[in-house]
Amino acid sequence: MIATQLAKYAAFSRIAASQARRERNELYGRMAFFAVILGVFSSLWRAVEEAGMPVAADPKSLVWYLAATEWILLSAPPIHIEIQEAIRRGDVVYRLGHPVSYVVAELAAGLGLLAVRAPFLGLTAFFCAFAFTGWIPPLTALFIVVPFGFAASAVITALYLGIGLLAFWLQDVAPVYWVWQKLMFVLGGLMLPLELYPAFVRRAAVFTPFPSLLAAPASFVLGTNLVTPGALAGRLAFWSGVTACAVSWIFRRAASTVTINGG
Amino acid sequence: MPPAAAVELNQLSKSFRVRRARETGVETRVRDLFRRDTQTVVAVDKLSFAIAPGERVAFIGPNGAGKSTTLKMLAGILRPDAGDVRVLGFVPSRQRRQLAFQIGTVFGQRSQLWYQLPPRDTFELLGRVYEIDPGEHRRRIDTLSSVFALGALATTPVRHLSLGERMRCEIVASLLHSPRMLFLDEPTIGLDVSAKAMIRELLWTESERERVTLLLTSHDTGDMERVCSRAIVINHGRLLWDGPISALRRSYLKAKRVTLWSDADRLELTLPGVRVLSSGSYRTELDISLDITPLGQLVDAALRQASIRDMAIEDAPLDDVIRALYATASSASVPS
């Protein structure tokens, strides 16, 4: 029984992965964007160092930190857009009518996309960071970053799912996404480790999932031992649970009041 | 024991709350930011009917009549506000997943096919979703691909398919799990004449072959006439008419279209209830309301002017029947 259910959702992951492989241009675009971002920031940190300005961490480490955070963020497929469009077009009516959990099916499809994107973007991160710094962090650190980064991307995908479901009420979830994204950038420490931020930002960040999703997994390349792997696993498990409850609650509310566009 | 009726609706109702249209003026718009005015729209209003297993029923109504909403409640996607509904013995809103294994849905303006991938990939996915034995599923895909003449379409990315081709694939996708009941919401919308004819033929054949109960909504009377034997007409969410399609014509519109071929170039027929549509070149076409002027009286009048060489009498087009039905329906509901 459980195997049958798992096979169902695995099929959603497989078909989404097939679709992602067909939509290679979008992935190539992300890889190019990623390379540009890393190039710009590695030049910036070099210039800061050469100008003799104080930098709180080794510039090479900071480039690898950014490579890790961007890898986590860019690997998470923006499934909220597809969910929003399906709700707007009314195609959601088909998915709601299948003998599956709509939420789990969408998440499974998102994880299928993630499985295709993460390796390509990971390789981009690795080679670009190495090319721009001429340095590689200890491999043990990288081996820790990869599984935690993948897990963090999966949680971000689930959060995107929750944002997408808001389209049942809002139709356009872009404003919600923008706010969420900016919070992620700042409180998650996308560009810089959180230790470099003012104290009040760090205090606020503790109460959100963002540091566990970006700064904490990426901090292993800095060698700061900000968080242990065990503690991070616990935090990710906690925020996964919170996300699952929130998404499930949003969907139950949506399902009880759902109206399908176009009659 | 299988249920006696495939579908049973009893006093089914559904309303939606929608935003009131915005008024102009700064004050109104500012107020609108804080408190939005909404109004309740009744989509389905105490609707009752039953469909026997194997029946092919056209579900007709003007835009906004409540057809799609009813279909979605039958499929368990929307929850009714009041009333009872059973589909194949299941209560859709409470037993959606169990019911989903027994029903198929086709929504003409929606798609369940993965856009970048060939339909075959979606078929494979649906095999898993509906928990079909892999061997049986492959045989089913082959059978339906043959019946619906999919050929190379099954392996062509959906984005390269025409609307008619895509619709054939959508219907195959909806039939893969051998549903006992198929809900079709405007399956021929936007298709050209030949694609429509093909879809209608295939639906009829498949329904006959597997005794699938069909409930079809459409604005195209061709769909109704060629696929269905019974019509249920609703407006404002209420039942207007329920009976055989042939009876819909006969009982609702007492009009015939008559064409006369005569020795005279034109005929002057000014009788009450008779509307001449065209006359000339020895041919006269007219509509006659039989409850005002009997057919014999018309023929007598024509014979007084010329010899009649031939005559054709047809029912009024179903489009006219439906239009007349809608026009008179807004005043009061007509019991079935």
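Predicted model: local features only at pLDDT ≥ 70, side-chain atom pairs only at ≥ 80, totals over all residues.
Close-up 1. A:L139 lies in helix 7 of chain A, residues 139–165; helices (H or I, at least four residues) and strands (E, at least two) are DSSP runs numbered from the N terminus. Together with A:F130, A:I136 and A:F143, A:L139 forms a nonpolar patch on the surface with about 410 Å² of accessible area. Such a patch joins nonpolar side chains (Val, Leu, Ile, Met, Phe, Trp, Tyr) within 5 Å, or like charges within 9 Å, from residues with over 30% relative accessible area and no salt bridge, a salt bridge being a side-chain nitrogen of Lys or Arg within 4 Å of a carboxyl oxygen of Asp or Glu. Areas come from the Shrake-Rupley method with a 1.4 Å probe, and for residues only the protein chains shown count as cover.

**Close-up 2. An open antiparallel sheet of chain B.** Three strands of chain B, in the order 2-1-4, form an open sheet with antiparallel pairing, two strands being paired if DSSP finds at least two bridges between them. Strand 2 (38–51) and strand 4 (82–87) of chain B stand at the edges with a single partner strand each, so one side of each has no neighbour in the sheet. On average, neighbouring strands of this sheet are turned by 30° against each other, direction ignored. Five bridges link strand 1 (residues 7–19) and strand 4 of chain B in the antiparallel sense, and B:N10 has B:D84 of strand 4 of chain B as its bridge partner. Helix 2 (residues 67–74) of chain B packs on the sheet and touches strand 1, strand 2 and strand 4 of chain B, its direction making about 120° with that of strand 1 of chain B. Contact means heavy atoms within 4.5 Å; axes are lines fitted to C-alpha atoms, for helices over the stretch in contact, and angles run from 0 to 180 degrees between N-to-C directions.

Close-up 3. B:H236 counts as exposed, at 52% relative accessibility.

Residues are numbered from 1 along each chain as its sequence is written, and chains are lettered from A in the order in which they are written. Local features need pLDDT of at least 70 and side-chain atom pairs count only at pLDDT 80 or more, while side-chain values use heavy atoms, with hydrogens and water left out.

Note on methods. Buried < 20%, exposed > 50% of the residue type's maximum accessible area, 1.4 Å probe, protein only.
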